[in-house]
Amino acid sequence: MNVFVAGATGAIGRFLLPLLVKEGHTVYAMVRSEAGKEAVLAQGGVPVEADAFDREGLIAQLRRVRPEVVIHQLTALSGYNLEENARIRKQGTRNLVDAAREAGVRKMIAQSISWMYEPGEGPAGEDVPLDLEAPEPRKTTVDGVTALELAAAEMPESVILRYGLLYGPGTWYARDGAIAGKIRSGEVKATEGVSSLLHVEDAALAAVAALKWPSGAVNIVDDEPAPGTLWLPAYASALGAPEPEFQPGQGRGERGASNAKARREYGWEPVYPSWREGFKASLAQGN
């Protein structure tokens, strides 16, 4: 198929693009810089200059390349700017959906997140509502995620991938990532809040598999939701950093998510079923 990837040079996109090419798809990858063009070409993709906030330019480019599927992996995570990330989810997704529909695209696969469910007991399934009553600053992210998912659902077909907390190369939790630095300096505390994690390779593989999945939201997380008191010390140990200090309590909605739907209905199986082996593999020296 002809596949258009927005966010092809991001943490997931860098794994995703070569996977799509290997499967025989023609991959048009949205870029905004010469470095981005070179990276896409090196992986066998076709660079397409476009900006998610330039609606008319995006429409023109999608009309030109006529993809059958758009994969939306856009984020603004490098500066930990919640407002800018919400803007991409709202305005960027709106423009991408409008452009896709103008170009006659059949399907969109969109990146969402799995920790925006309303508070409750145990890992959340996809039937649990999003946390629409959340206070700020959580509300900013919930509103952005809600706008993204509603816009993507306007497509004839749409798969919403609610990813877990990403770790692995190119993420905040990489050996050279922002969180790794904070762990080494003792800035991050281990709380009782539960998270569901996901290796970035598994995120990319799920996006490829979703080309064949039916419309709907699906949690893409590993098998072991865990409190920060459990997984964060394991992460620090794999990193070779001091054990984080304990801080009682947990944030709103920190309950983890269940991947039962992805496993049962779609046959999805993560390469790294638990963060335990994932941390060891991704944080080994040289990775």
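Start by selecting Ala99, which you will find in helix α4 (residues 82-102). Helices here are DSSP runs of H or I with at least four residues, strands are E runs of at least two, and both are numbered from the N terminus. Before you go on, note that this is a predicted model, where local features need pLDDT of at least 70, side-chain atom pairs count only at pLDDT 80 or more, and totals for chains, interfaces and linings use all residues. Residues are numbered from 1 along each chain as its sequence is written, and side-chain values use heavy atoms, with hydrogens and water left out.

**Stop 1: around Ala99**

Is Ala99 buried or exposed? Ala99 counts as buried because its relative accessibility is 0%. Buried means under 20% relative accessible area, exposed over 50%, and partly exposed in between, using a 1.4 Å probe and protein chains only. Now show Leu58, Ile59 and Leu62: Ala99 touches these residues, leaving aside those up to four places away in sequence. Contact means heavy atoms within 4.5 Å. Then try a distance: the C-alpha atoms of Ala99 and Leu161 are separated by 20 Å, and the two residues are 62 apart along the chain.

**Stop 2**

Two strands pair if DSSP finds at least two bridges between them.

Select strand β1 (residues 2-6), which pairs with β2 in the parallel sense over 4 bridges. Which residue in β2 is the bridge partner of Val3? That partner is Val27. Strand β2 (residues 26-31) has 5 of its 6 residues buried, so the rest of the structure largely encloses β2.

On to strand β3 (residues 46-49): β2 and β3 pair over 4 bridges, in the parallel sense. Here Val31 has Glu49 in β3 as its bridge partner. To follow the chain from β2 to β3, trace helix α2 (residues 34-42), which makes this β-α-β crossover a right-handed one. Another right-handed β-α-β unit is made by β1, helix α1 (residues 13-22) and β2. A crossover is right-handed if, with the strands pointing away from the viewer, the path from the first strand over the helix to the second runs clockwise.

**Stop 3: helices on the sheet**

Move to strand β6 (residues 157-163), which pairs with β10 in the parallel sense over 5 bridges. Gly216 in β10 is the bridge partner of Val159. Axes are lines fitted to C-alpha atoms, for helices over the stretch in contact, and angles run from 0 to 180 degrees between N-to-C directions.

How many of the 10 residues of α7 (residues 200-209) are buried? The count is 7, and the helix is mostly covered. Among them are Val200, Asp202 and Val208.

**Stop 4: a helix pair**

Finally, select helix α8 (residues 228-239) and helix α10 (residues 275-282), whose axes come within 9 Å and cross at roughly 20°. Show the residues where they meet: Leu230, Trp231, Ala234, Tyr235 and Ala238 in α8, with Trp275, Arg276 and Phe279 in α10.
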